[in-house]
Amino acid sequence: MPPRTPSTPAQKAELAFKAMHRAILEQALVPGTRLPEDQLCSQFGVSRTLVRAVLGRLAAQGLVDTGNKRTATVAQPSLEEARAVFEVRRGLEAQAVALVIERWQPAMGAVLEGHVREEELAAREGRVPVSARLAGEFHTTIAQLTGNPLLQRYLSEVVTRCSLVLAVYGRPHQADCACTEHHALIEALRSRDAVRAASLMAEHMDNIERRALLPQVAAGDGDLASVLSRYAGAVASTTAGVPLKVRVPAAARRRAAG
Ligand SMILES: [Zn+2]
């Protein structure tokens, strides 16, 4: 499919946001990378005002540090911040699996399995950064299935922050174990075994946090302009990684609330 060229300033800004978001999560732009506004303006063909709004959105998710510096940079979370993120994530993930089990519908299993298949394909093809990003998105998909927009928003943010923590401190992503653990989680959700799902999720969080113990220097794979044009093209031509819209019927929500 040929890339759709964004035409309005708002579409261009959205493309800029998605391209940068994905480039940071896939570690093509490593923590500390400078993001000069004028370069972003010319790269995406948007005004300085829109570029600042995009940087502000990325900063709100903990991906970009705008601080008091003249030039924004890709954020570099401290170890203390990293631990704080994991503490919050554990609580939200536990709540998410509990709610999904309450509101379970068979179609949800297919959504989650489809996602893990994408993870596995990326891993088989050696696309490690992509499989790492998809592994994080497995969790935001679970959050979407709760039908609770606030939980979805908060969990997406901590998952994004965790991905950055793993980029700064983590060992290389181990897709095999992530996929195995994701399959086990799906089975527990499908059998609506809340105790097992909670313990599997807690264990999974332990493993992710353990991977974030060893410091390493991540390597980027190109200069800002070439990385951004590559990601802008990828975002424009695919919808992979764009959050799935999963509709949970109101009836299911009412049942669960009752
Ligand atoms: Zn996972």
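Helices (H or I, at least four residues) and strands (E, at least two) are taken as DSSP runs and numbered from the N terminus. On this basis the secondary structure of the chain amounts to eleven helices and three strands, which follow one another along the sequence as α-β-α-α-β-β-α-α-α-α-α-α-α-α. The model is predicted: local features require pLDDT of at least 70 and side-chain atom pairs count only at pLDDT 80 or more, whereas totals for chains, interfaces and linings use all residues. Residue numbers start from 1 along each chain as its sequence is written.

Of the 258 residues of the chain, 38% are buried (20 or more other C-beta atoms within 10 Å of the residue's own, with C-beta atoms placed from the backbone). Contacts are defined by C-beta atoms, placed from the backbone, that lie within 7 Å. Among contacts between residues at least 6 apart in sequence, 78% join residues at least 24 apart.

The three strands form an open sheet of order β1-β3-β2 with antiparallel pairing, where pairing requires at least two DSSP bridges between two strands. Two bridges link β2 to β3 (residues 72-74) in the antiparallel sense; V64 has V74 of β3 as its bridge partner.

Helices α2 (residues 37-44) and α3 (residues 48-60) pack with axes 9 Å apart at an angle of about 105° (axes are lines fitted to C-alpha atoms over the stretch in contact, and angles run from 0 to 180 degrees between N-to-C directions). The two helices, α2 and α3, are therefore roughly perpendicular (65 to 115 degrees). E37, L40 and C41 of α2 make the contact with R48, V51 and R52 of α3.

How values were computed. A residue is buried if 20 or more other C-beta atoms lie within 10 Å of its own, exposed if 12 or fewer, and partly exposed in between; C-beta atoms are placed from the backbone. Two residues are in contact if their C-beta atoms, placed from the backbone, lie within 7 Å. Angles under 35 degrees count as roughly parallel, over 145 as roughly antiparallel, 65 to 115 as roughly perpendicular and the rest as oblique.
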